Amino acid sequence: MLYNEPSPLETRVVSKRFGLPNSASLDTYLATDGFKAFLKAREMTPEQIIDEVKASALRGRGGAGFPTGLKWSFVPRNSPKPRVIVINADESEPGTCKDRLLIEYDPHQLIEGILIAGLAVDAHRGYIYIRGEYRYLIEHMNAALAEAYSRGYLGKNIAGTGFDFDLYTHSGAGAYECGEETALLDSLEGKRGIPRMKPPFPAVAGAWGLPTLLNNVETFSAAPAIIRDGGAAFAALGTPKNGGTRLVCISGHVNKPGVYELPLGFPMMKAINEVAGGMRDGRKLKAVVPGGSSCPLLRADECDILMDYDTLAKIGSMLGSGGMVVLDETTDMVKFALRIMRFYAHESCGWCIPCREGTTWLRKILTRFDEGGGRREDIALLGELSRNMLGRTFCALGDAAAMPTISIVDKFADDFVKRLAPEAVTA
Amino acid sequence: MAETVKLTIDGRAVEAEKGTLIIEAARQAGIEIPSFCYYEGLKLQAACRMCLVEVEKTPKLQVGCTLPVAEGMVVHTDSELVKSARKGMLEFLLTNHPLDCPVCDKGGECELQDMVFRYGAGESRFTERKVHTDEQQWSPVVYFDAPRCILCYRCVRICDEGMGVNALGVGNRGVIAAIVPNHHDHLECDECGMCIDICPVGALTSGTYRYQTRPWEMDHVGTICTHCADGCRTTLGVRNGRIIRGNNRDRSGINGEFLCVKGRYAFDFTEHPDRLLSPMLRTENGYEPVSWAKALELVANKFGAVKARNGKLGIIGSNHTTNEENFFLAKLARQGLGTRNIDHHRTGDLTTFFDALSGRNDALATTAELYSAKAVLVVGADLSQQHPLLAFQVRSDVRHHGAHVYTVTRGPVREDHQAAAGVRVEQGGELAGVESLRDRLKSEGNLVIAFGDSIQGESLRKLIAFGDSLGIPVKYVCLVDYSNSRGAFDMGLIPREGGLSREQMLAATDLDVLWVVGSNPLKTAALSSTNAFVVVQDLFMTETARQADLVLPAASAYEKSGTVTNVCGEVQKLKQAIKVMGAKTDLEIFGLIAKEMGLDLGIWLPDKVFEEIRRTVHGYNVPMPVIAAGGAAATAPLNGRVAALPGAIESAGDTLFTSGSLSRYSKLLNSVMEAPGGLYGNQGPGDRGQGPGAGGRS
């Protein structure tokens, strides 16, 4: 994938090497502060590393936004069992395309981040779980691993520090569900990818029952900068409790779609109008998916906000995985809802009843609606069925399907009324 | 008592043991929280979402089957929110369920029907096309109708956790996720049908039962399986004088809901076209049917004449017939005919066993104790093949209680998968194998030792001495075959006081009468006496019956009342399910012969004979209410002083799919591709581990 033209409004921390010649090579990495953070972390205690990450106010970049330092502190370092690090590169939330760039253009930053986490939780083994559709990335990652091994940045006695760490890639088989951390662990273990019951949480019993630290690619990729420049410096880039920068994947009806690194708390309208070059063909904004397809949509009039976790939560949506989809006035929301639901019905793992049956039922209603068979009562039914799923499924996939649907039928009911079957209109 | 917590469920103060799941705590308080996937004894799934309840101070509905109770918790199971959630779940479930209840086997016994009736909506809002896939046949006994499946994963779990077979899994995902068999399009497994039984809906149906009847048209007769020695209770579904189904859904009996392929399906021998329906007399033109009156007269005359001239009578009894029949036969032999030549196919050395245990009435392990023991040692037996229920108990003990299982066998057995230690030995090397486990066994809290036919005589005494020397409580199971081997021994079908053993009778050239009841000794041995008058009582023209002068058609265990004693020494009651015209119960035949001979041996009604057994047979003074209510009452072993007996002791080596001649006449057992199988991991009949195997000796 080609990296888009950067914007001068970006604050480039994790993406700072994007665009450099041979940015994925270890030489480029070493020439641009590479592995300095690891050597610094090697001189720190695990507590100090974790405190630094806590100070950075870094929150998980996979979607849930859980404070990273806190997560690292949950892993029992004194456990008699070895700790394992698992890297979630199952980037499958529609609208999201950032982890692939981090792996393709700066894999050694990811490796260094993992090593820092290894020091923090006293782990010596890691698995990068890459989604099946990203097969080409496995080659990129394996090449980087091979280079790191050959130059002593992985394996025994890394960079002469006496620290050992082995890192492997593992391919997913093409399932959105395996982005859910416990389903990912089952899949990693070679089982059917279905979510596990929690507790126990992976920090206590994760991969093969071992204490497991599991984070998103971007989360690990932020660790070197945090250790190198200090947690406070990273935190200062964003807003309180929303530290640093994040990669925002802007797609949809804008002039310059792409992945941009913006500080947390960046104004959404500024991102659309300035960073992404404004609305395509000068059309009017209709709605924004703020953080991947599972987030409740925002109407145009709700978009004059700052993009951080807490602001989005306040208005009933989420910052999610950074997949921002911009929709203009020409968007047919029935079609949009159908496209989303086709995805979730296809990706439901089938484990629990409401998600398995609910997503397909919703898909069928929306299909019928889109084909001209919409009935007036369908509009309420779509919302009601979604609410029957919401909060009642085994994992968050059901919520991910329900939340955008609820927001669409609530906020854009007119689009549905316009698309009713002729007989339903006259009835 | 363990630590408890106090909570409130639907306004009622409830106290439950710490760690209890909300669904169980509610059940204990008499409040139903509906569920499909939650199943006592199996792993938690939280998949069906039927058990969602409201717990105060939590933001969303909570899963009642995975959330443990906590102090001060306030739970609502019947709030409007909970009711609407259930209604919503059932509505989702029914979207792709075919609603073919009028023709579905499960109609009337379906948990989904019950749930919708109780908690569902009256009407459906689903107007789209349903997902449909065609029905599949996975084996002669297992059919799968995917659209009916609600994916509760009970079948997957019972097969994996309960049976240790793991033949079922889940394929595909989303709305087309479906249960799949282990060999792509068919099953290779125990064919136990546990998956069918545990299925809450009609997704898994039985090859023998499907589309035969509506469940409410059957009579349900709880009796005891006649195949192996474990004595599982099987509830036979009977309609119009035919057995249509076997299961044990009410979990009565020592086996709970467990049944193997034989208990669940192999009742079909009762209606095999080769069933003998009339006495058959050998004539110059072959066998000709004769009346019962003529047959009984002939027997009485022959027996009477031989008795009168002090001739040599030999009686070989059965290890299938009831205690009452065995008792009456022994009495008829000793008191009526004046002979001590009475024996049966002995499959375990009960003689030495009881002698070695002299004076210890508590040394016999019950079936329940195989589920509660801290450790189980299996010596010289392929438990999963030969004793499916005992194997199930042990597996469950390991799963639920963390028990340790040890094996000392001559080949691989299923118990190895769970074994704390498994020792492979050559035949005869069992005791050395057991000895090698001494240190580990010594550290167990208690132990049950189950041993097969290779442990007999001196070896058996040594094994019990070994158990005694461990310094922990040890109980024993002598693994005999067939449904009433214990009863045959206890009722005296043994050549004590100088009687001829089975082998000696067959070898005696001067034998005048050979009377064989429900046994097939001439399948594997020859009769030396050329002049003997041979009478055989059996269901079929077995190899032995083919050499008889007179064959009397006998009723099977499903056609009679009485009691049987299982491998663990537990007495249970048979209940007559059907009547086959022409055949008589062995007890009635004995009684009529006695009457014909003018002998007064008392009334031959099963209840009356059992009363006499309770009075006169050691260890059988069992509580009547337990037996009468269909329960199992443990007997005590004969209290020592059992003299050594002549004759051989050998297991028939039956597998999961064989049980002597009964299995040869079960169309179903012969139709499953796994049959007849072999012991110790051997696959085919030509590659058997031991014993004559398929078809057995009895």
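Into which domains is chain A divided? Chain A splits into domain 1 (26–237), domain 2 (245–328) and domain 3 (333–426), with bounds from an automatic or database domain assignment. This is a predicted model: local features need pLDDT of at least 70, side-chain atom pairs count only at pLDDT 80 or more, and totals for chains, interfaces and linings use all residues. Residues are numbered from 1 along each chain as its sequence is written, while chains are lettered from A and ligands numbered from 1 in the order in which they are written.

Take domains 1 and 3 of chain A. Their centres, taken over C-alpha atoms, are 36 Å apart. Nine residues of domain 1 of chain A contact eight residues of domain 3 of chain A (C-beta atoms, placed from the backbone, within 7 Å). On the domain 1 side, six of these residues are nonpolar, one is polar and two are charged.

Now move to chain B. Helix α7 (residues 292–308) and helix α18 (residues 586–596) of chain B have axes that come within 9 Å and cross at roughly 60 degrees. The two helices, α7(B) and α18(B), are therefore oblique to each other (angles under 35 degrees count as roughly parallel, over 145 as roughly antiparallel, 65 to 115 as roughly perpendicular and the rest as oblique). From α7(B), the contact uses B:L296, B:E297, B:V299 and B:A300; from α18(B), B:L592, B:I593 and B:E596.

Chain B also holds an open sheet of three strands, ordered β26-β27-β28, with antiparallel pairing (strands pair if DSSP finds at least two bridges between them). β26 (562–565) and β28 (633–634) of chain B are at the edges, each with a single partner strand, so one side of each lacks a neighbour in the sheet. B:V571 has B:A633 in β28(B) as its bridge partner.

Note on methods. Two residues are in contact if their C-beta atoms, placed from the backbone, lie within 7 Å. Ala, Val, Leu, Ile, Met, Phe, Trp, Tyr, Cys and Pro count as nonpolar, Asp, Glu, Lys and Arg as charged, and the others, Gly among them, as polar. Helices (H or I, at least four residues) and strands (E, at least two) are DSSP runs, numbered from the N terminus. Axes are lines fitted to C-alpha atoms, for helices over the stretch in contact, and angles run from 0 to 180 degrees between N-to-C directions.
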